[in-house]
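Trainee: I would like to check the terms used for this fold against their cut-offs. Can we go through them one by one?

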Amino acid sequence: MESTWLVLLSLALGLAVGAGFVTLLHVAERHGRRAAEVVNPAVPDGIDQVLDALESAGIVLDPSNNVIKTSPGALAMGLVFNQQLVHPELLDLARRVRRSGDPISDDILLARGPFGDASMHVRVRLARLGTRYVLLLAEDRTEAFRLDEVRRDFVANVSHELKTPIASVGLLAEALVHAADEPEQVRRFANRLTTESARLGRLTQEIIELSRLQSQEAVAQPELVKVDAVVAAAVDQARIVADANHITIAVGKKSRSEVYGDERLLVVAVHNLIANAVNYSPDGSRVGVGVRRNEGAVEITVTDQGVGIPEADLDRIFERFFRVDQARSRHTGGTGLGLAIVKHVVQNHGGDIRVWSQPGKGSTFTIRLPEAPHPAPAATGDTP
């Protein structure tokens with residue numbers, strides 16, 4: 001009887017051990033399958049193709065926030081490095097999506113790289129992808145924010161610059177009323193009123209011109225332009241003021257060069273440089289204008305013997321409404337927009353502008369434009 005109980009007890013113990021062993025095998029298999037899913041994650045069909053087609057950044061995160069799929073745009077923006085999200089702000093958003101299960105859209109400011117303090121404005125949207133993954137979409141909106149800021153600054157600058165001539169016109173008109181019985185005073189106030197109204201008209205015209213230039217990235221319908229004709233027209237427009245101040249404008253020999261662009265805008269740009277050179281040069285001095293071809297570029301150079309520009313201001317002279325000498329600018333009627341217009345005209349023609357200057361010795365401005373390619377001359381003579 002005792003042997004029978006021993007057999008039954010041994011059999012029960014064996015079954016228990018066997019059942020436990022089988023359970024351990026199942027648990028081990030399940031853990032192994034989960035580990036394999038982490039190492040070799042699978043995302044829903046079609047996600048790879050969608051990410052490859054995205055121009056913006058697209059990223060798929062697994063439950064451990066490892067990046068398992070990414071688009072080229074995400075790499076270009078520097079959001080991913082070594083299969084990990086670089087920015088902790090994005091990781092925080094991913095955790096919020098997992099906790100709530102609801103999609104999140106937000107505008108955030110991210111560091112552009114590990115060095116320096118440059119940043120980028122990014123529009124992000126995160127949502128669950130199936131039960132395990134999170135999809136992150138990001139769009140770099142830095143340029144849009146920059147343009148909005150430029151537009152706001154431009155409006156603020158314009159408002160500030162228009163205040164002075166408008167106020168002057170109003171005060172002079174009031175003074176004319178009170179001096180109606182004094183002919184000499186009337187003439188003096190009328191002359192000043194004419195000067196201020198001319199300045200106001202010039203400022204308004206340049207604001208319109210600059211706004212038009214900033215609204216387009218390039219010349220809409222470029223035509224073949226003779227650079228020598230551009231220089232001649234710009235010099236003619238500045239000749240009267242130069243002669244009045246006994247300033248000689250010396251023009252170099254013809255270059256016979258051509259560029260593609262808008263002739264009227266190029267004349268405006270070159271004339272602005274010559275006019276500045278004349279206005280900031282002493283009486284009896286000389287302004288030089290030259291054109292040369294240099295390795296596929298046409299260089300238009302304007303040199304003066306004027307007051308020069310301090311080195312600290314050289315990086316700012318092409319900013320809107322920036323004036324090196326405020327008192328001198330008011331005396332010459334300068335608006336602070338001339339060089340900004342030159343810069344935008346040149347950039348819209350695919351060129352650049354350079355400046356050299358030294359206080360007391362003068363300045364040299366050089367416009368560089370791509371030279372128009374010329375077709376090869378046709379072969380002459382009989383074919384052998």
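Mentor: Ground rules come before terms. This is a predicted model, where local features need pLDDT of at least 70, side-chain atom pairs count only at pLDDT 80 or more, and totals for chains, interfaces and linings use all residues. Residues are numbered from 1 along each chain as its sequence is written, and side-chain values use heavy atoms, with hydrogens and water left out.

Trainee: What makes residues 227-244 the helix α7?

Mentor: Helices are DSSP runs of H or I with at least four residues, strands are runs of E with at least two, and both are numbered from the N terminus. α7 has 18 residues.

Trainee: Where is the kink in α7 centred?

Mentor: On A238, with a value of about 45°. The bend at a residue is the angle between axes fitted to the seven residues ending there and the seven starting there.

Trainee: Which residues of α7 are buried?

Mentor: V227, D228, V230, V231, A234, V235, A238 and A242. Buried means under 20% relative accessible area, exposed over 50%, and partly exposed in between, with a 1.4 Å probe and protein chains only. The cover over these residues includes β8 (223-226), β10 (258-261) and α8 (263-279).

Trainee: Is H246 buried or exposed?

Mentor: H246 has 59% relative accessibility, so H246 counts as exposed. H246 sits in the loop between α7 and β9. Its phi is positive, about 55°, although H246 is not a glycine.

Trainee: Why is R256 called exposed?

Mentor: Its relative accessible area is 68%, so R256 is exposed. R256 belongs to the loop between β9 and β10. R256 is not a glycine either, yet has a positive phi of about 55°.

Trainee: Why does E371 count as buried?

Mentor: E371 counts as buried because its relative accessibility is 19%. The residue lies in the segment after β14 (362-370). Leaving aside neighbours within four places in sequence, E371 is in contact (heavy atoms within 4.5 Å) with E258, V259, R293, G296, A297 and V298.

Trainee: How is the packing of two helices described?

Mentor: By the angle between their axes and the distance between the axes. Axes are lines fitted to C-alpha atoms, for helices over the stretch in contact, and angles run from 0 to 180 degrees between N-to-C directions. The axes of α7 and α8 come within 8 Å and cross at roughly 35°. For α8 and α10 (residues 338-348), the angle is about 145° and the axes are 9 Å apart.

Trainee: What is the handedness of each crossing?

Mentor: A crossing is left-handed if the near helix is turned anticlockwise from the far one by less than a right angle, and right-handed if clockwise. The crossing of α7 and α8 is right-handed. α8 passes α10 in a left-handed crossing.

Trainee: How many bridges does β1 form with β7?

Mentor: Five, in the antiparallel sense. Two strands pair if DSSP finds at least two bridges between them. I59 has L136 of β7 as its bridge partner. β1 and β2 pair over three bridges, also antiparallel. There, L61 has V67 as its bridge partner.

Trainee: What is the order of the sheet with antiparallel pairing?

Mentor: β2-β1-β7-β6-β5, an open sheet of five strands. Its edge strands are β2 (67-70) and β5 (104-111), since each pairs on one side only. The twist averages 25° from one strand to the next.

Methods: Expected span 1.5 Å × (residues − 1).
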